[in-house]
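Hello,

Please find the structure below, followed by what was found in it.

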Amino acid sequence: MNWRRLAPAPEYAALVVLIVLVAMNALFTPNFATASNLWNVLLQLSTVMLCAVGMTFVIATGGVDLSVGSTMAVAGAIAAVLVPRGASVALGAALIGATVVGLLNGALIAWLRVQPIVVTLATLIAGRGLAQIISNDGELVSVDQLFFLALGRGHVGPVPIPVIVALVAVAAAVFVLRATTTGRYVLAVGGNASAARLAGVPVRKTIVTVYAASAMLSAVAGLIVAARLGASDAAKIGQNMELDAIAAVVVGGTALAGGRATIGGTVVGALIMQVIATSFNMLLVPYSWSLALKAAIILVAVYLQRGKRA
Amino acid sequence: MEGITKRFGAATALNRVDFALARGEVHALVGENGAGKSTLVKIMTGAYHRDEGIMSLDGNLVDFATPAEAQAAGVCAVHQEIHLLRLRTVAENIFLGREPRRWRLVDWPRMNAETRALLTGLGLDIDPQATLGSLNTARQQMVAIARGLSIGAKVLVLDEPTSSLSEREVTILHELIGRLKDQGTSIVYISHRFDELYAVCDRVTVLRDGALVATRPIDGLERIDLVCLMLGKSREALREGVTGFAGHRSHAAVASVPLMRAESLAHGTRLRGVSVDVHRGEIVGLAGLLGSGRTEMARAIFGATPRDDGAMQLDGAPFDPTTPHDAIAAGIGFVSEDRAAEGIIPDLSVRENLTLAALPLLARYGIVSRTRQTEIVTRFMERMGIKASSAEQRIRELSGGNQQKVLLARWLAMEPKLLILDEPTRGIDIGAKGEIQRLLNELADDGLGVLMISSELEELVEGSSRVVVLRDGRNVAELRGEAISEQAIIHAMADS
């Protein structure tokens with residue numbers, strides 16, 4: 001018997017992996033299939049989700065953004081320092097600061113033609129330093145402004161606010177990708193940049209836009225983390241977030257070569273990663289082993305989608 | 001090389017081609033795009049493996065599995081782009097991979113001394129310790145040649161060696177070729193420049209569509225005959241009446257102000273001052289062999305290639321596009337000759353490809369109107385007879401002809417004033433070809449200006465109201481009305 005025939009169609013591979021994971025956990029992991037655990041998974045997921053949505057657009061142009069984690073830290077630090085002047089000032093300044101980082105990434109990539117991985121590696125390093133400078137040389141800056149804290153800790157009915165924010169971002173991303181000129185330009189630039197340029201697509205502007213968007217979404221994620229912690233920890237916030245975000249995008253089926261994007265896939269990819277993390281935690285799998293298993297599951301999910309770009 | 005055949009999937013790139021190179025001979029290899037020159041050279045130098053045929057060197061059968069094997073046997077290629085390390089010195093490049101050693105370390109003094117001896121022997125005054133990147137292109141090329149010789153090359157393949165050289169540098173290269181020839185090195189010389197072929201080559205082999213057309217001594221071969229061989233025309237019998245065009249377009253009533261005028265466009269060595277004007281309702285043919293500057297000119301008008309000099313007017317007003325975006329905003333569309341690399345976005349659907357240029361017109365506040373999009377896509381798919389399972393099918397799954405129709409529709413949806421077409425019917429089936437030609441005719445009748453590059457002479461003769469012929473980056477002829485014939489175009493292209 002040819003076991004390959006049992007493999008699901010590539011488009012649904014990630015979804016099938018997710019369903020299998022959830023089903024197995026529901027059966028074998030005590031307390032997995034409970035409402036409180038569901039909300040917990042989604043809450044944990046919300047920040048990765050925000051970064052991964054931005055990352056989907058960046059990767060769809062054929063680029064990559066390694067600076068998302070550092071951008072989260074920058075946004076968290078700016079907000080924490082400015083909270084005494086009012087929550088809206090703090091949030092506004094954090095978003096603007098992060099967007100500047102994104103614009104810088106985009107400008108270097110689009111105009112100076114430096115490779116995205118190099119540019120964003122530089123901002124990954126610089127951003128982490130900047131965040132520590134802003135928060136008085138890396139001090140833990142605590143925040144006790146109620147409105148700000150609600151961003152991370154509040155609920156609407158049973159739904160945590162971070163989950164709502166992430167859902168809004170996902171919905172907006174789907175809309176942009178399907179119905180706007182920007183969405184079409186992103187795919188055109190990633191699919192064939194020379195052809196796009198000859199068709200009058202503003203290639204550079206599109207590239208700058210995706211990096212700015214990625215930075216803004218990361219900033220929101222950074223604010224949520226700071227609000228949940230009640231403090232800005234410039235050295236820790238968003239650490240390794242770039243890897244989780246890229247993993248979610250890739251497992252979800254967006255090709256690293258660019259030209260395609262599936263927000264639905266990214267959501268599924270992020271869910272897979274989070275379900276694994278949560279269930280291993282609940283099953284008391286040692287952290288070191290859980291990393292190896294996580295890697296194996298990423299490889300399986302990506303393997304099942306091979307040939308999608310044949 | 002005898003009976004060399006190479007297939008890529010279903011396509012045959014070379015079909016039973018014979019090629020013989022004598023000792024101390026400079027042998028030109030010529031042909032238009034797709035003739036099979038590069039494939040033949042790649043097989044010769046071990047980059048590709050042949051499917052059929054035999055190869056021998058000095059009377060012994062050879063079979064190169066890799067370029068390294070070919071080099072070891074004495075066959076060495078010097079490519080258009082130089083495949084050396086720009087940041088390392090001349091000596092390091094020449095001895096790359098086989099550095100002289102002393103106590104397992106690189107013996108620098110010996111390497112530099114041997115390099116100096118080698119270069120001097122070739123009559124070249126180049127410092128072995130200079131970094132390669134600090135030399136101009138011609139000298140880098142000389143270094144590449146010297147490297148080949150130091151490996152012991154008996155056969156050197158020079159692929160478009162002069163494409164980025166100035167005239168003085170070309171002379172230096174040709175002097176070097178002369179010396180190599182005297183030393184018994186054989187050279188395969190690929191170039192589109194006739195003057196050079198006649199200046200340095202002994203024999204010429206012409207390929208067309210993957211087949212051998214002829215091998216002739218170059219002395220006594222008239223240029224016009226060489227062009228006829230390359231284009232597959234006999235001098236006497238020139239065909240007519242085979243395209244979808246209606247026959248000679250009558251010379252349209254010409255208004256005093258042309259729709260577009262380009263004067264003395266210049267860029268590097270490719271464009272040395274070319275001019276063209278296009279009136280409304282006219283199809284102006286742009287003819288010339290590969291390398292004549294026809295594509296560069298089209299791209300310069302569209303703002304896709306920068307220009308160093310020259311002026312343009314559109315509707316009588318100065319026009320200076322620096323990006324395609326500018327040209328499009330002014331009402332110009334451009335279809336590239338390379339559909340895959342510069343035309344289609346392969347993973348997007350027919351709908352998304354077709355509306356790409358027109359998106360700003362279909363959107364309000366950046367949101368694309370689904371209704372207007374569907375309306376345009378339906379209209380053009382019907383009008384142009386685009387065959388696809390639906391508008392949502394990925395464009396890369398379509399045939400070449402249907403892809404080309406989508407790309408034309410991409411511009412027509414913008415209602416342009418001027419359409420620049422580079423080889424609009426290349427590589428598409430006869431049926432689609434005729435349909436596209438008929439469509440262009442109708443569009444011109446409705447007042448569109450068309451600038452059409454084509455290497456198919458019958459297409460130019462039957463489709464154009466005027467034909468402008470370029471050679472070596474300059475205008476050499478402009479033919480009108482009854483004066484347009486394949487013969488006249490060939491004469492102008494060949495300079496005879």
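The contact between the chains takes 20 residues from chain A and 24 residues from chain B, two residues being in contact if their C-beta atoms, placed from the backbone, lie within 7 Å. On the side of chain A that touches chain B, the elements giving two or more residues are α8 (181–191) and α9 (193–198) of chain A; α8(A) gives the most, with six residues. Helices here are DSSP runs of H or I with at least four residues, numbered from the N terminus.

This is a predicted model, in which local features need pLDDT of at least 70 and side-chain atom pairs count only at pLDDT 80 or more, while totals for chains, interfaces and linings use all residues. Residues are numbered from 1 along each chain as its sequence is written, and chains are lettered from A and ligands numbered from 1 in the order in which they are written.

The model scores ipTM 0.84 and pTM 0.76. Chain B has a mean pLDDT (the predictor's confidence in each residue, from 0 to 100) of 84, and 92% of its residues reach 70 or more.

B:Asp347 is found in the loop between α11 (339–342) and α12 (350–354) of chain B. B:Asp347 counts as buried because it has 21 C-beta neighbours inside 10 Å; the cut-off for buried is 20 or more other C-beta atoms within 10 Å, with C-beta atoms placed from the backbone. Not counting residues up to four places away in sequence, B:Asp347 touches A:Gly191, A:Gly259, A:Arg260 and B:Arg394.

Regards

Definitions and conventions: A residue is buried if 20 or more other C-beta atoms lie within 10 Å of its own, exposed if 12 or fewer, and partly exposed in between; C-beta atoms are placed from the backbone.
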